[in-house]
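Subject: Handing over a structure, with notes

Dear colleague,

I am passing on a structure for you to look through, and below it you will find my notes on what was found. Please keep it open beside you while you read.

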Amino acid sequence: MSTREEKERIELLQGTLDLLILRTLVLGPAHGHAIAKAIEYRSDEVLQVEQGSLYPALHRLIRRGWIAAEEGTSENNRRAKYYRLTARGRKQLTLETNKWAKLAGAIGRVLRPSKQEGRP
Amino acid sequence: MKRRQHMLEDLDRDIREHIERETQDNIDRGMAPDEAKYAAIRKFGNVTQMKEDTREVWTMLWLDQFAQDLRFAARMLRKSPGFAAAAILTLALGIGANTAIFTVIHAVLLEPLPYANPQELVTWHGNESQLEIDDIRQQADFFSAGGGVNPEAVTYTDGTEPVGVHAGYTDGGLFPVLGVAPMLGRALTMDDNRFGGPRVAVLSYSFWRDYLAGDPNAVGKTIGVDDNRYTVIGVMPSGFGVPAYDFDLYLPLRVAYADAARYRGVHFMNTYWRLKPGVSLHQAAAGLATISARLARDYPGEERNRVRTPVPLAQAVTGDVRPALLILSGAVCLVLLIACANFAGLLLARSEARRREMVIRAALGGGRRRLIFQGLAESSLLALMGGAAALPLAALCVRALVAAKPAMLAHQNPISMDAAVMAFGIGVSLLTGLIFGMAPAWSYSRADVAESLKREGRTATAGRGGLGFRKALVTTEIGMALVLLTGTGLLVRSFAQLRSVDPGFDPARVMAIHIQLPTVRYAEIPKQLQFRRGLLDRLNALPGVQAAMASDIPLDGNELTHNLAIEGQAPVTEGDEPEVDTICVMGDYFGVMRIAMRAGRALTPQDDENHPLVAVVNESLARRYFAGQDAIGQRIRWAREKEPRWMTIVGVVADVKQYSLAEPAYPAVFTPFAQTDEGWRRWMAVVVRMPDATAAQLPTIKRQVWDLDPQIPLNRIVSLDELMGLSLAERQFNMSLLGLFAALSVVLVAVGIYGVTAYSVSQRTHEIGIRIAVGARRLDVLRLVMGQGVRMAALGTALGLAGAFALTRLMTKLLFGISATDPLTFAAVVGLMLAVVLVASFVPARRAMRVDPMVALRYE
């Protein structure tokens, strides 16, 4: 992991981490480390999660009632805390995904013309 | 809350595991273990920061929940407006009354006096002469400054008609000691206060505004005062005043009133002193005692037995008001406690009514803390709304208080509601909500699910738990209200006693006109006599009018005492002579005032400057100094006169209440104005008895005065009835206010009793139905229900009597003619309280009597 490599990664926008967590948990309950790994992996390692920041986000989502925590046993037979999506969380994910798509589309439209204008 | 703790406890384990997993991943990718662990930790980021962020997530939750609770509470209250209105009104009354009284206390007792470093200022009871002030100032190294002032009525003559204004004859030290800078020009200094100095004056803001039209160039101009011209050297800022006085202008004593300044024995100045930093009151008292002893040794005639006990100026200014205000604030606190008890009772009743809802919520997993918090949110919301309603109520009360009672609240600091008072009101409201909301909130959370659901389902005599507490609350309320009623009763009785005191004169249909003759034109006694005689002749010539005059009339706050020597009695050491009131009169003063003659004759026009000196004394004097002998024919004189002027006593009159109705009469000597040698007594109160003593008569009287001398101001015109009223005003004020609080508390208690009884009847409808079904008579039911009220009343009354016995002695100072444990008052108050309890519990009892057993049983 060189410094150069890190620079190519993109820091997460405020609030998008919540969305990514919800999206990850659609596939099934997971523990904290697995969620972090999944996000990095699925974004082809472009999105960098400072893994620590995952935890406040998880707690925030629990507080809102979008995910729930439960005790479980991990693949190598260790006790671990699993997070799973609640019904409200699933609804929220749909909502947030739509919102994100709109936002991304809008920003994309704003940015596109600037390429054609070129430099003055 | 529990969840929060639980989640946070797990956090450490979660982090540890997370890092272990990452380390393992790194090792799997081929890193060395040490490097793998380091990389994992680095990738995780700042652990402390993260923990902090996580904790914050839950803190936010707490606030969020509280807001949610408040919204829920507001929704619930909207659904039961009757309950909300009752609770808010109860609290608004209690908090409003408290805030109003606190406003007054804040301004009068708590707010510092408007001078530089006011905590350093001291004064003492008893006046000083100019020479004494000089000596003390010179000898007292513990004072950094000191000065005095003598109030005098003077005439301002530059207006369209002569105006009587209040002058302060000022010692040079007065302004330095108070430390307030003038708004224009400069203040009076020591140098201004010297014999033969230039006539200079410092004006008050209001005098400058009213008579000089706020002229910014007033300094250097001259004004006419008492036939002299004074040059204005300064104007004091708005709000400046000397404690307890309302001076219009300040003149240097040795310039304006040189005669009086020369004598050590003329103790006529109020003095104010500033302690040096670090000097305690105790040290100052010791130092003053030393100085007094030294002065007594050097000048035994004037200085013996003079005691100087310094007190903080703030305390001296509020001295008379303090006990009354403290008692009123105690009383108003009781009102608040009663209101709070009622509030708690209302909340409890509501919690009983909502028990089923709460139980179900508890059964569905509502946490105990959450339920308590919800209860508290509701009570706090109610309390805050009560507080919000209380503030305008308090503002109204304050306005009424200030309007009703200028004398007691005449104070340096204006009385108004400011931030501190607002904070007080809001603080009291919040505390009330939290403390008194605790009990019902607790009872919510105690709800035992299974037990309560069972009880709710089917009950005969249920719901006693909450009721017991409510009864205890009401019992306490009865006790507190009884204390208030007793206090009020004692004041009412004192007032009645005082009203029935014989003042010794008949105030009906008598007007008093205060006149002060200007210094220069009336310096000589013959000139004064000419004016006095002329005025009385003119007034007495008016149809139906009887007029006379005296130097000081009763209940007017003025007094002048002389030392007395009696012929044939052993001479008394100088300083130990008897002190008696001395009043100069002219005309048929005793006749106009209807003061009864006890022996001898009254003073007549023949007792003038060409006839032997005579005097009339009052009964107190005759009794005290001529016990067992006839006072008539005895000779008296003023002690310490250079040439003795013996006066023969020709009559004895009944005692008159000179100072106040509550104080015994002092020994007094009445002498004819025509025979006095005291040319400085230029003041007089003309008493006019006429069939119709009203303001309509004023122009006639004024014309008589101004026909004689158009330069004479008429300082103050009052009817003697008004004077009587003024002397009672303060007591009446205290009585009315305490009475208002007592009435408020009785209403609250009645509501409380009614609430508890009505609730218990509604809870016991079933039981009462059964009782009636098995043969109980209606009267038995009545007894059953009212018995409960009577038991509360008996216990509460006992509590209240004990409290009253302990507390009413604190108000001894406010009482007159009765003891603090006046049995009649106590009996009357207990009777009243019982009557209130009976009436308040009779209404629900009647409803209980009408219970139809069939309906009651079917209801189940």
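Helices (H or I, at least four residues) and strands (E, at least two) are DSSP runs, numbered from the N terminus.

Two remarks on how to read the rest. This is a predicted model, in which local features need pLDDT of at least 70 and side-chain atom pairs count only at pLDDT 80 or more, while totals for chains, interfaces and linings use all residues. Residues are numbered from 1 along each chain as its sequence is written, and chains are lettered from A and ligands numbered from 1 in the order in which they are written.

Chain A

The secondary structure of chain A consists of 5 helices and 4 strands, and from the N terminus on these elements follow the order α-β-α-α-β-α-β-β-α. Of its 120 residues, 28% count as buried, where buried stands for 20 or more other C-beta atoms within 10 Å of the residue's own, exposed for 12 or fewer and partly exposed for what lies in between, with C-beta atoms placed from the backbone.

Within chain A, helix α3 (residues 32-42) packs with helix α4 (residues 54-64) at an angle of about 110°, their axes being 11 Å apart. The axes are lines fitted to C-alpha atoms, for helices over the stretch in contact, and the angles run from 0 to 180 degrees between N-to-C directions. That angle makes α3(A) roughly perpendicular to α4(A), since angles of 65 to 115 degrees count as roughly perpendicular, those under 35 as roughly parallel, those over 145 as roughly antiparallel and the rest as oblique. On the α3(A) side the contact is made by A:G32, A:I35 and A:A36, and on the α4(A) side by A:L54, A:Y55 and A:L58; two residues are in contact if their C-beta atoms, placed from the backbone, lie within 7 Å.

Where the chains meet

The contact takes 14 residues from chain A and 20 residues from chain B. On the side of chain A that touches chain B, the elements giving two or more residues are α3, α4 and β4 (79-85), and α4(A) gives the most, with 5 residues.

Chain B

Helix α2 (residues 33-44) of chain B has 12 residues and reaches 16 Å from its first C-alpha to its last, close to the 16 Å expected at 1.5 Å a residue; the expected span is 1.5 Å times one less than the number of residues. B:A40, B:K43 and B:F44 are buried in α2(B). Seen down the axis, these buried residues fall within an arc of 100°, so they line one face of the helix, the arc being that of the directions from the helix axis to the C-beta atoms. The face of α2(B) turned away from the buried side carries the exposed residues B:D34, B:E35 and B:R42.

With best wishes
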